Amino acid sequence: MTPDEMAALQAAAFDGATRWSAASIRAALAAPGGFAVVRADAFLLGRVVADEAELLTLVVGAGARRRGVGRTLMAGFDDVARRRGARQAFLEVAADNAAALALYRGAGWTGAGRRAAYYGDVDALILRKSF
């Protein structure tokens with residue numbers, strides 16, 4: 001999947017405030033430690049710096065949801081992060097995104113903090129996972 005295809009998939013899944021442009025995706029992939037885990041109609045972007053990983057964004061197209069694709073992406077993230085030396089990982093998620101929270105908590109992520117009004121009127125929850 002190209003960065004242009006990733007940006008189009010994300011545009012269909014998220015509102016304007018949280019969308020990544022194709023240029024932003026290219027920059028994330030080109031940055032030190034940047035990586036993608038890609039499946040048909042789904043992807044995530046992450047990075048590993050020193051012993052910490054960060055899940056930057058995860059997108060599952062509407063037609064692929066509720067089929068285990070998100071869990072597969074998360075397992076791929078864990079694998080890449082561990083192979084690159086990460087001992088822990090972090091992500092931010094909208095506090096009102098019940099589906100994402102269920103996915104992340106089911107994959108072993110726990111609460112680490114909160115950013116008030118990070119997504120406009122919605123707080124971001126900071127989640128953490130140890131490897």
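Trainee: In which sense do β5 and β6 pair, and over how many bridges?
Mentor: Antiparallel, over six bridges. Strands are DSSP runs of E, at least two residues long, and helices are runs of H or I, at least four, numbered from the N terminus. Two strands count as paired if DSSP finds at least two bridges between them.

Trainee: Before I go on, what are the ground rules?
Mentor: This is a predicted model, where local features need pLDDT of at least 70 and side-chain atom pairs count only at pLDDT 80 or more, while totals for chains, interfaces and linings use all residues. Numbering starts from 1 along each chain as its sequence is written, and side-chain values use heavy atoms, with hydrogens and water left out.

Trainee: Back to the pair. Which residue of β6 is the bridge partner of Arg115?
Mentor: Ala124. Look at the turn too: the hairpin of β5 and β6 has two residues between the strands, and Gly120 there has a positive phi near 75°.

Trainee: What about the hairpin of β1 and β2, where is the positive phi?
Mentor: At Asp41, near 60°, again with two residues between the strands. β1 and β2 run antiparallel and are joined by six bridges. Phe35 faces Gly46 of β2 across the pair.

Trainee: Is Asp41 exposed, partly exposed or buried?
Mentor: Partly exposed, because its relative accessibility is 34%. Buried means under 20% relative accessible area, exposed means over 50%, and partly exposed is in between (1.4 Å probe, protein chains only).

Trainee: Zoom out. What is the strand order in the open sheet?
Mentor: β1-β2-β3-β4-β6-β5, six strands with mixed pairing. β1 (34-39) and β5 (110-119) are the edge strands, each pairing on one side only. From one strand to the next, the twist averages 25°.

Trainee: Which helix packs on it?
Mentor: Helix α3, residues 69-83. The strands that α3 touches are β1, β2 (42-49), β3, β4 and β6 (122-130). Its direction makes about 160° with that of β3. Axes are lines fitted to C-alpha atoms, for helices over the stretch in contact; angles run from 0 to 180 degrees between N-to-C directions.

Trainee: And how do β3 and β4 run?
Mentor: Parallel, with three bridges between β3 (residues 52-60) and β4 (residues 88-94).

Trainee: New topic. Which members of the largest nonpolar core touch the most others?
Mentor: Leu58, Phe77 and Tyr104, in a core of 27 residues. A nonpolar core is a set of buried Ala, Val, Leu, Ile, Met, Phe, Trp, Tyr and Cys residues joined through side-chain atoms within 4.5 Å. α3 gives the most to this core: six residues.

Trainee: What does Leu58 touch, beyond four places in sequence?
Mentor: Its contacts (heavy atoms within 4.5 Å) include Phe14, Phe43, Leu73, Met74, Leu103 and Tyr104. There is also a second, separate core of nine residues, among them Ala7, Leu9, Ala22 and Phe43.

Trainee: How far is the C-alpha of Ala42 from that of Leu58?
Mentor: 7.7 Å, for residues 16 apart along the chain. Ala42 is in strand β2. Ala42 is buried because its relative accessibility is 0%.

Trainee: And Asp78, buried or exposed?
Mentor: Buried, because its relative accessibility is 9%. Asp78 sits in α3. Beyond four places in sequence, Asp78 touches Lys129 and Phe131.

Trainee: Last one. How much space lies in the largest pocket?
Mentor: About 1,200 Å³. Of its 38 lining residues, Phe14, Leu58, Asn97, Ala100 and Tyr104 are the closest to its centre. β3 gives the most to the lining, seven residues. A pocket is an open set of points on a 1 Å grid over the protein atoms alone, where a 1.4 Å probe fits, with protein on both sides within 12 Å along at least five of seven lines; lining residues have an atom within 4 Å of a point. Points are joined across faces, edges and corners, and the volume is the space filled by probe spheres set on them.
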